[in-house]
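Visitor: I have a protein model open and I am new to this. Can you show me how to read its features?

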Amino acid sequence: MAKKVSTFLLLTIFNAMTLGEVKAEEKDLYKFLWLDPDKSVYVLQNKMFPKRGTTYMELGYLSHLSAEYQDTTGASLKVGHFLNEQWAIELMFRKYSNSDNDALTSIREINQTVPFVRRPLQSTSLLAKWSPFYGKINTFNKIFYFDWHFAAGPSLIETESNAKTVADPNSDTRYDSESTIGATVKTGVRFHLNKNWQINIDYVKDFYQAPGVLVDGVQRPDKWRNQSDVIFSIGFSF
């Protein structure tokens, strides 16, 4: 009888220890030790804000990153339509405002000369937009949903420069308009505020051909150039 009681007590203690270990493993949500080493866990989450069939408009402020002798800012307007959850067609228009910065002012006052300056005026782009990634940021009391996209397409890029007068010391500085067809690429993140409103951050890069400086009546040949913008915008979709 004593032997049976001892065996029962040993089994009870063993079971209690085993259950304790199992509970400790179940509390660890990030280490699935019960899986085989070569197994993976995939979490399927439903989209909170689907994009298929929606049309959107975005109005934003842009900061130009490529004007060496200019302080350049501007405005951006984007209109687009999502054909499905990943692909959209977008029309983007940017308008720039330029003013001479301290570097140009110093060169003009100290050296009595003006450097070569090319500054943007406006651009219009037709883009194919791909949004393959979406996710969420979980804060203490709110979840923010976002999409990450890439886009590319042709652009009509309008600039102006003093290429025709900067090499002639007898000429006053004159900015002549230039227009060319180039290409634009961009990437950005859309943060959803609710079903209809979003906040967007975009990095935009333009590639285009433009002529060099006119020296002794000879125009330097065209070469590929680029310019960059960062755009902060608020959008509405329906």
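Visitor: Is Ser-233 buried or exposed?

Guide: Start with the scale. Buried means under 20% relative accessible area, exposed means over 50%, and partly exposed is in between (1.4 Å probe, protein chains only). Ser-233 has a relative accessible area of 6%, so Ser-233 is buried. Ser-233 sits in strand S10. Its C-alpha atom is 9.5 Å from that of Arg-190, which is 43 residues away along the chain. Across the chain of 238 residues, 33% are buried.

Visitor: What should I know about the model itself?

Guide: It is a predicted model: local features need pLDDT of at least 70, side-chain atom pairs count only at pLDDT 80 or more, and totals for chains, interfaces and linings use all residues. Residues are numbered from 1 along each chain as its sequence is written, and side-chain values use heavy atoms, with hydrogens and water left out.

Visitor: How many helices and strands does the chain have?

Guide: Helices (H or I, at least four residues) and strands (E, at least two) are DSSP runs, numbered from the N terminus. This chain has 2 helices and 10 strands. Their order from the N terminus is α-β-β-β-α-β-β-β-β-β-β-β.

Visitor: What is the phi of Gln-112?

Guide: First the general idea. Most residues other than glycine have a negative phi. Gln-112 has a positive one, near 55°. Gln-112 lies in the loop between helix H2 (102-111) and S4. Gln-112 counts as exposed because its relative accessibility is 64%.

Visitor: Which residues make the nonpolar surface patch?

Guide: A nonpolar patch joins side chains of Val, Leu, Ile, Met, Phe, Trp or Tyr within 5 Å, from residues with over 30% relative accessible area and no salt bridge. A salt bridge is a side-chain nitrogen of Lys or Arg within 4 Å of a carboxyl oxygen of Asp or Glu. Here Leu-83, Trp-87, Ile-89, Leu-91, Leu-126 and Trp-130 make a patch of about 590 Å². Strand S3 (87-100) gives the most, with 3 residues. Leu-126 lies in strand S4. Leu-126 counts as partly exposed because its relative accessibility is 47%.

Visitor: Which residues lie nearest the centre of the largest pocket?

Guide: Rolling a probe the size of a water molecule over the atoms shows where empty space is left. In this model, Ser-66, Ala-67, Glu-68, Arg-118 and Tyr-208 lie nearest the centre of the largest pocket. Its lining has 15 residues.

Conventions: 1 Å grid on protein atoms, 1.4 Å probe; cavity = no way out; pocket = protein on both sides within 12 Å on 5 of 7 lines; lining within 4 Å. Patch = residues over 30% accessible without salt bridge, like charges linked within 9 Å, V, L, I, M, F, W, Y side chains within 5 Å. Areas by Shrake-Rupley, 256 points an atom, 1.4 Å probe, with all protein chains shown as cover.
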